[in-house]
Structure formats: structure tokens, C-alpha cells
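Trainee: Could you take me through the salt bridges of this model, with a careful look at the partners and where they sit?

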Amino acid sequence: MADTGFEGLGVERAAPVREQVASVIREAITDMRLRPGQFLVERELCLATNTSRASVREALRQLESEGLVVSIPGRGVCVAELTRAEALDLYEVRGGLEAMAGRLFAERADERDRVALTAAVDRIRSTAFDPAQMLKAKADFYEVLFRGTGNPELVRILHMLHRRITLLRSISLSVPGRPQQSVTEIESILDAVTRRDGEAAADRCLAHVRAAAAAAFSADPERTPLKGEEASGGA
């Protein structure tokens, strides 16, 4: 079988199969093994994941709802590509919501949440030289941060947003020096929430997102899923 980007995506039958298939495709998209614009052939996905066509179709529908793949009539399903305008919009929304999350965590989180956040930051620090592992460690950090807000609706919205923004996070961490800078920013967020300074936590969360956006927009356009120049003047 030719190199399709699906290698190593075997599914273990523990969680519902649809969710497992969606998870391994999502990870391949995040790792850029499946490139923006690449068409996903159902038969190849079935063979690669050892699952049925029905499970693959359900997984692709889930990923389409997350904005990670798009269905093109008459052609099939492909990995989503983002215009710079779309990316800018996502970063603006993410900045506002994560600023709110940082403030609420600082004000509402209990001691268990704060200990968990400290541990998550330690994991981020230890993976700074491995962008793929750092993405996973940052996902853990955000999971703790969001939970500590005590606002289930905010958590639900942020989870949906983070699925869509997966592509952008992998781009920003690919920029030389960005992982180490990101660690410093995350540590400053931890400092603010540890002091229960809600306003400082909000400011630092927003600054972190803005720095990630700047890194993503500075990346080589030939190596990223960002297309078009309609928003480049404001990046």
C-alpha cells in the first residue's frame, strides 16, 4: 500500500469505534501527517484503521462538525484548509474566551485544580523540545484550566473551539523558538492564577493567544494550512 499518511493509525476496540477512528484521524491531522487539502479515501481509512466503512463515515461526519475536514460535493472529503481571515477570526474568539477562563479559574478554582494545573505546566515544560508531545501536554493544561472555571457552558464552547483550532496550534509550535516562548507564557498564567489575580490571569491568557497567532502568521505559508492574503495586513 502506498504512503497515504494513514500509517500507524490502527484502532483498539475499547471506546466506541467511531470515536476511535475520529481520534486517530484527528491526531494525524494535528501531526500534519494528513495535509490540508488532502482527500481522505474511505477505503484506505477502512484498511488503515481496520474498521467498517460505516464507522469511517460516522467519524468523518464528526470531524466535519469540528471543522477539521470538509465535504466537497462530487469529490469527497478532505482535510480542511484555513484562510488567513478564518484563522484570524478563530484567534480573536479564542483570545476572548481563554481570557475569561483564566480569570474564572483564578477566582473559582479549588486547591485540587491548582495542584493539577501546576502538574500540567510541569509536563509542558518537560516537552518543550518535542512539539507533538507538547501539544498533548498543553491539551491537558487546558482541560484543567477549563474545568476550574466552574462554568460548564464555557467549557463546552472552548472544547468545540479547540477542536477547530488544532491546526493553528500545530503551526505556531512549529516556529523556531515558539515552544520555549510558549512555556514562559504558560508559566506566567500559572503565576497569576496561583496568586488568585483574575485580571492578571485574563491578560496573560490573552497575551499567550496573541503570541501564538503572531507565530502562526509568521510561519512559512508553504508549510502551513493558512491560505490567502485577505487578512495578512492585519496579522
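**Salt bridges and a buried serine**

Mentor: Let me begin with S182, which, apart from its neighbours within four places in sequence, is in contact (heavy atoms within 4.5 Å) with M134, K138, L173 and H208. This is a predicted model in which local features need pLDDT of at least 70 and side-chain atom pairs count only at pLDDT 80 or more, while totals for chains, interfaces and linings use all residues. Residues are numbered from 1 along each chain as its sequence is written, and side-chain values use heavy atoms, with hydrogens and water left out. S182 belongs to helix α9 (residues 178-194), helices being DSSP runs of H or I with at least four residues, numbered from the N terminus, and at 0% relative accessibility S182 is buried, where buried means under 20% relative accessible area, exposed over 50% and partly exposed in between, with a 1.4 Å probe and protein chains only.

Turning to your request, the structure holds 16 salt bridges, each a side-chain nitrogen of Lys or Arg within 4 Å of a carboxyl oxygen of Asp or Glu. One of them joins E27 and K136 at 3.5 Å, N to O; because E27 lies in helix α1 (residues 17-30) and K136 in helix α6 (residues 131-147), the pair ties together parts that are 109 residues apart in sequence. E27 is partly exposed at 32%, and K136 is partly exposed at 40%.

Another pairs R204 with D191 at 2.9 Å, N to O, and since R204 lies in helix α10 (residues 198-218) and D191 in helix α9, this pair links parts 13 residues apart in sequence. Through shared partners, salt bridges join D191, R195, D197 and R204 into one network.

Methods:
Helix = DSSP H or I, 4+ residues; strand = E, 2+ residues; numbered from the N terminus.
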